[in-house]
Amino acid sequence: MGISIEKSQAAIVADREVLTARLMQFARSDCLLYWAPNDEVFKRQEKLWLPVLHWVGELIHGELETTKGLDEPLENRKYAPFFEKIIQNLSDAEFAAFYLTASLARSNLLALALVKGKLTADEVFEAAFVEELWQAEVWGIDEEAEKRRQSIRTELNDIQDFLRKNGGK
């Protein structure tokens with residue numbers, strides 16, 4: 001296991017204010033906001049990402065803008081206070097799991113879905129690495145990239161187990 005969430009929790013919680021600010025900055029580049037121009041990858045993203053985006057939209061009483069380009073969808077900045085409040089209301093265990101998941105999955109939205117029991121660790125993994133997994137299917141598996149992905153999958157499952165042990169979903 002690459003991380004020990006139990007050991008990391010105290011350090012993460014001790015820096016909660018700083019890490020929350022970092023998460024809020026990171027939210028602008030959430031992978032679920034940037035869609036692939038490739039039609040096949042786009043279809044996979046649509047299947048995996050749209051349910052999460054709709055669910056988050058219900059939480060924030062709005063609709064997040066997405067893009068196929070590299071420019072940040074600026075309209076989403078108006079939802080920052082809603083996300084910050086959601087993050088601030090997480091328990092210490094949930095916050096630690098959220099922070100670690102967001103770092104691994106490159107997505108606050110997927111992290112929230114895991115912490116709140118909307119997605120499993122395996123579903124978060126599939127959603128976070130949809131483009132890489134498609135590339136591996138098309139071009140073949142790169143052993144080093146596959147090892148990295150499997151390590152992340154294991155860590156996400158460890159986080160899910162931690163949440164369950166600590167009263168999570």
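In which helix does Arg149 lie? Arg149 belongs to helix H9, and with a relative accessibility of 3% this residue counts as buried. The structure discussed here is a predicted model. The protein has 9 helices and 0 strands, and its radius of gyration of 16 Å is close to the 15 Å that the globule rule gives for 169 residues, so the protein is as compact as a globular protein of that length.

**Overall architecture**

- Taken along the principal axes, the C-alpha atoms fill a box of roughly 40 × 40 × 25 Å.
- Of the 169 residues, 44% count as buried.
- Among contacts between residues at least 6 apart in sequence, 68% join residues at least 24 apart.

**Surface and charge**

- The accessible surface of the protein comes to about 9300 Å², and carbon and sulfur atoms account for 51% of that surface.
- The protein carries 21 positive and 29 negative side chains.
- The centres of these two sets of charges lie 3 Å apart.

- Helix H6 covers residues 108–115 and is mostly covered, with 8 of its 8 residues buried.
- The buried residues of H6 are Asn108, Leu109, Leu110, Ala111, Leu112, Ala113, Leu114 and Val115.
- Which helices do the buried residues of H6 pack against? Their partners are helix H2 (16–26), helix H3 (39–60), helix H4 (80–88), helix H5 (92–105), helix H7 (121–128) and helix H9 (143–165).
- At the N-terminal end, Ser107 caps H6; a side-chain oxygen of Ser107 lies 3.3 Å from the backbone nitrogen of Leu109.
- After H6 comes Gly117, whose phi is positive, near 75°.

- Most residues other than glycine have a negative phi.
- His61 is not a glycine, yet its phi is positive, at about 55°.
- His61 is placed in the loop between H3 and H4, and its relative accessibility of 69% means that it counts as exposed.
- Arg106 is likewise not a glycine and has a positive phi, of about 60°.
- The loop between H5 and H6 holds Arg106, which is partly exposed with a relative accessible area of 34%.

**The setting of Arg149**

- Is Arg149 buried or exposed? Arg149 is buried, because its relative accessibility of 3% falls under the 20% limit for that class.
- Not counting residues up to four places away in sequence, Arg149 touches Phe125, Phe129, Glu132, Leu133 and Ala136.

- Lys118 lies in the loop between H6 and H7 and counts as partly exposed, at 43% relative accessibility.
- Leaving aside neighbours within four places in sequence, Lys118 is in contact with Trp55, Ala113 and Glu123.
- Lys118 and Ala102 are 16 residues apart along the chain, and their C-alpha atoms are separated by 15 Å.

**Leu100, in helix H5**

- Leu100 lies in helix H5 and counts as buried, at 11% relative accessibility.
- In sequence, Leu100 and Ile86 are 14 residues apart; in space, C-alpha to C-alpha, these two residues are 16 Å apart.

- Where is Asp142 found? Asp142 sits in the loop between helix H8 (130–139) and H9.
- With 46% relative accessibility, Asp142 counts as partly exposed.
- The side chain of Asp142 reaches the backbone nitrogen of Ala145 at 2.8 Å.
- Along the chain, 50 residues separate Asp142 from Asp92, and the C-alpha atoms of these two residues are separated by 37 Å.

Note on methods: Residues numbered from 1 in each chain as written. Predicted model: local features only at pLDDT ≥ 70, side-chain atom pairs only at ≥ 80, totals over all residues. Heavy atoms only, no water. Buried < 20%, exposed > 50% of the residue type's maximum accessible area, 1.4 Å probe, protein only. Helix = DSSP H or I, 4+ residues; strand = E, 2+ residues; numbered from the N terminus. Contact = heavy atoms within 4.5 Å. Polar contact = N/O pair within 3.5 Å; in protein donor to acceptor, adjacent residues only side chain to side chain. Rg over C-alpha atoms; globule rule 2.2 N^0.38 Å. Areas by Shrake-Rupley, 256 points an atom, 1.4 Å probe, with all protein chains shown as cover. Lys, Arg positive; Asp, Glu negative; His and termini not counted. Charge placed at Lys NZ, Arg CZ, Asp CG, Glu CD.
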